[in-house]
Amino acid sequence: MSSLTKFHGLENLKNATGQELEIALQELMGGIKALDQEALAGMQSRVDAKIKPLGSLGVLEDIAQQLAGIFGTTHPKINKKAVLLMAGDHGVVVEGVSAAPQEITKQMFYSYLNGGAGINVLARNAGADVISTDIGIATPLDAPELMAYRVKNGTDNMAKGPAMTRQEAMLAILTGARIAANAIDSGVNLLATGEVGIGNTTPSAALISVFTGHSVEDVTGRGTGLKDDALINKQTVIKCAIEINQCNPDAPIDTLAKIGGLEIAALVGAILEASYQHVPIILDGIISSAAAITAAKLAPLSTSYMIASHSSEELGQHLALHQLGLKPRLDFHMRLGEGTGAALMFPMVEAALKIADEMATFEQAAVTTGDF
Ligand SMILES: Cc1cc2ncn([C@H]3O[C@H](COP(=O)(O)O)[C@@H](O)[C@H]3O)c2cc1C
Ligand SMILES: O=C(O)c1cccnc1
């Protein structure tokens, strides 16, 4: 679908009514299809013919198959790669849930634009673009055009009531979908999720607790580096937010609105749009995994389009990935976010396709075949 004119039936996202957003979201969620099993099996046959014992390239073989199933061809090609970095602030920071001050969200946003942040370095290393979007920073930016996609000036404090209205959450989801669609229209066919937002490990843990059923203690980590007392306070705040908002795991949009975040919602939309357009999307740490688990609640087939990357130091990420049926592939003890872990995975995904394209077969190399 070329999405430059109409977007899931919407003429103009920002002026859409609540009902129009509901319909557009239904169209997006309902349009996500299962992988092409024939292409997937065809890729396995290609890989099985290579000069190696069957299955000996492990996860690389799984990824090659998954990409064939996603692209619907036995010969998938990666053209362009990009990290979708969504930025948003969180009203809940007034409860002391982060070791870092809120203004860092905005300061880091400028760093992404200037190219000096961790994600810029690791994306450059992988030959990928970083597409940074202000979806909900709390304070004004220098240039109005930088705020073109902003839905709201940060969320409200979820410990006192809903973080967002349902309409704001839907607008943030569809805005994230729009940003993914724009990237895909420009030729990107391998995406990764990234974010910045001081305080955002708090809504992420809250969503993971509600959607997995794991206790708040099990899914809540230290984020930017909370000390013991502050970690206990963070857990109390999350429990309070879940209780006061009466979250229901079977009402994922409402749950996201009540205890989520604007950048998390935008990543939900990016994951859904990638899936809708048959584009693989690599997941980063706990915040991206909270978005992924929400996307899976909205459209279970979207999990087939996700590729896990690293294992975050935040335990909640492992539990979210487990529920999605995914395993972290890199164990680098990272806890930065921004998409840094996901960016490390780009070359692995490309390597999987190179195996299929460049390795010799038993026949080509005149290597003796056997029962191995
Ligand atoms: C300088 C700096 C750069 C960052 N880049 C990503 N994060 C990460 O830390 C934040 C989440 O942790 P918490 O929930 O504890 O606030 C998010 O902004 C996340 O992207 C950063 C944090 C800091 C301090
Ligand atoms: O898992 C992550 O991505 C993460 C962990 C801590 C802080 N920020 C991000």
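Q: How many bridges join strand 1 to strand 3?
A: Strands of a sheet pair through backbone hydrogen bonds, either parallel or antiparallel. In this predicted model, strand 1 and strand 3 run parallel and are joined by eight bridges; within that pairing, Lys81 has Leu190 of strand 3 as its bridge partner.

Q: In what order do the five strands form the sheet?
A: The five strands are arranged as 2-1-3-4-5 in an open sheet with parallel pairing. Strand 2 and strand 5 (306-308) stand at the edges with a single partner strand each, so one side of each has no neighbour in the sheet. From one strand to the next, the twist averages 30°.

Q: Which residues of helix 5 are buried, and what do they pack against?
A: Helix 5, which spans residues 118-126, has Ile119, Asn120, Leu122, Ala123 and Ala126 as buried residues. The buried residues of this helix pack against several elements, including strand 1 (80-88), strand 3 (188-196) and helix 14. Just after helix 5 comes Gly127, with a positive phi of about 70°.

Q: Is Glu338 buried or exposed?
A: A residue counts as buried when 20 or more other C-beta atoms lie within 10 Å of its own. Glu338 counts as buried because it has 28 C-beta neighbours inside 10 Å, although its place is in the loop between helix 13 (315-324) and helix 14 (340-358). Among the residues that Glu338 touches are Leu85, Ile119 and Glu195. An unreviewed UniProt entry lists Glu338 under "active site".

Methods: Residues numbered from 1 in each chain as written. Chains lettered and ligands numbered in written order. Predicted model: local features only at pLDDT ≥ 70, side-chain atom pairs only at ≥ 80, totals over all residues. UniProt positions renumbered as here; feature names shortened; annotations may be inferred. Helix = DSSP H or I, 4+ residues; strand = E, 2+ residues; numbered from the N terminus. Buried ≥ 20, exposed ≤ 12 C-beta atoms within 10 Å, placed from the backbone. Contact = placed C-beta atoms within 7 Å. Pairing = 2+ DSSP bridges. Axes fitted to C-alpha atoms, helices over the stretch in contact; angles between N-to-C directions. Lists of a residue's contacts leave out its neighbours within four places in sequence.
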